[in-house]
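Please read it alongside the sequence and the model.

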Amino acid sequence: MFRSFALASLMAISGCMVANGQAATPTAPQVQQIEGIVAVVNDDPISFTDVRQRARLLLLSLGGQTPTPEQIQRFTTQALEQLIDEKLQLQEAAEYEVEISESEISSSIARLAQQSGITRDALVQSLIQAGVNPVSLEEQTRADIAWRRIMGGLYGSRIRISDNQITEQIKRLQADAQKKQYLLSEIFLFAPSETDSAQALLAANSILEQLRAGAQFQVAAQRFSSAPTAATGGDMGWIVLDDFDDARKTTLEGLTEPGLTNPIVVEDGVYILNLRAVRDPSEKTTLVDVTRITVGDGSEAALKAAVEEISECSEIEDVVDADSNLRSVALQDLNIDDLGPEGKFMVESTDVGQATDIFAQSGTLAVMYVCDRKDNVEAIPNRDQVEDRLYTQQLGMISERSLRNLRREATIIRRQ
């Protein structure tokens, strides 16, 4: 499974500390005594200290104040399972002689920090001030990079999406368009046994509590979910109830408005669903082609200068290529509903060929150029989008299956 570490919520921690008068000067992490071993994975130990550090890191990624010991205790099971997966991933990396350098880890963390508008050192300091040894994040990053490299190397080039597969998927989507559709995100806590299910239910209720207090669903999905959608923040896209054959279907049928569901217990785990929107079969949508431009240093003046140079979409590439501080991403046939309420309003308020107002984007500033708009069309992805989605789904399922096979074949001794 691919896990992506989202830092936006974590960055609020250092702000809370400064506001609360805590020291902001760098301090070295205290040496923590390893109190004992909680699990052994193919002879590699996991200590109680490792588990508590990871549980704290998981909670911090949801945002808010420094977690209490009681909150940390609720997440120790999820922390342990994540550490077991990482041990297996790193052992597999050693088997294939995949080496991840310290510079790669440092660069990856620096890029993540930059997305929130801070430096790597500031991120590390935030972790230390919150009582988390940065080694926990570094080891998680090492495992994530290694596993992605293994999966991409072993299977990435072997996955072939045929024209027939794309056509059949489009036919299914066209049929689904005639039914009531639900725009969903998911968090799935894998729980293969009855004991695991009880613990997963406790954790799910704790996660739900954090979400209702303002934590970002996307961040929580990236940090906790065992579903392949974790890599995209739990986004499932538009689905119909026929896609489900368990308690999720019953739960969704009972919802009267968008929002979070209570934890849903199924055969092999627990779900939390986020219903973002509902549309009737008769509804049409608007598809847009947009190009988002971001400025690397967060300078509003620099972004405004670029916008003044661009009078139409055909000029975007030349302007961006001439300035290393600018980045652009083109998105075609994007369902306007997928932009969220604020993004949808901005795009609807902007003429074709023009730029939206400047807005905050992942720790920097951005604008979107509306390059095309198609109104009153069925919300069916184009062939390229379907192919990309099928490829991602297949690689995600292969990754999940590979990790579960490693678990099944491993010698895992829990000493709880």
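**Strand 7 and its partners**

Strand 6 (residues 264-266) pairs with strand 7 in the antiparallel sense over three bridges; two strands pair if DSSP finds at least two bridges between them. The model is predicted, so local features need pLDDT of at least 70 and side-chain atom pairs count only at pLDDT 80 or more, while totals for chains, interfaces and linings use all residues. Residues are numbered from 1 along each chain as its sequence is written, and side-chain values use heavy atoms, with hydrogens and water left out. Helices (H or I, at least four residues) and strands (E, at least two) are DSSP runs, numbered from the N terminus.

- Isoleucine 264 stands opposite tyrosine 271 in strand 7, and a hairpin joins strand 6 to strand 7 through two residues.
- Strand 3 (residues 181-190) runs antiparallel to strand 7, joined by ten bridges; leucine 184 has leucine 275 as its bridge partner in strand 7.
- Strand 5 (residues 259-260) and strand 7 pair in the antiparallel sense over two bridges, with asparagine 274 of strand 7 as the bridge partner of leucine 260.
- In strand 7 (residues 269-279), eight of the eleven residues are buried (under 20% relative accessible area, 1.4 Å probe, protein chains only).

**Nonpolar cores**

- A nonpolar core is a set of buried Ala, Val, Leu, Ile, Met, Phe, Trp, Tyr and Cys residues joined through side-chain atoms within 4.5 Å.
- The largest nonpolar core has 54 residues, and those with the most contacts inside it include Ile187, Leu189 and Ile272.
- Helix 7 (residues 134-156) gives the most to this core, with seven residues.
- A second, separate core of 13 residues includes Tyr182, Val266, Tyr271 and Leu273.

**Helix 7 against helix 15**

- Helix 7 and helix 15 (residues 383-409) pack at an angle of about 115°, with their axes 11 Å apart; axes are lines fitted to C-alpha atoms, for helices over the stretch in contact, and angles run from 0 to 180 degrees between N-to-C directions.
- The two helices are therefore roughly perpendicular to each other (65 to 115 degrees).

- An open sheet of three strands has the order 2-1-12, with antiparallel pairing.
- Strand 2 (44-47) and strand 12 (412-414) are at the edges with a single partner strand each, so one side of each is left without a neighbour in the sheet.
- Three bridges join strand 1 (residues 37-41) to strand 12, and alanine 39 stands opposite arginine 414 in strand 12.

Technical notes: Buried < 20%, exposed > 50% of the residue type's maximum accessible area, 1.4 Å probe, protein only. Parallel < 35°, antiparallel > 145°, perpendicular 65-115°, else oblique.
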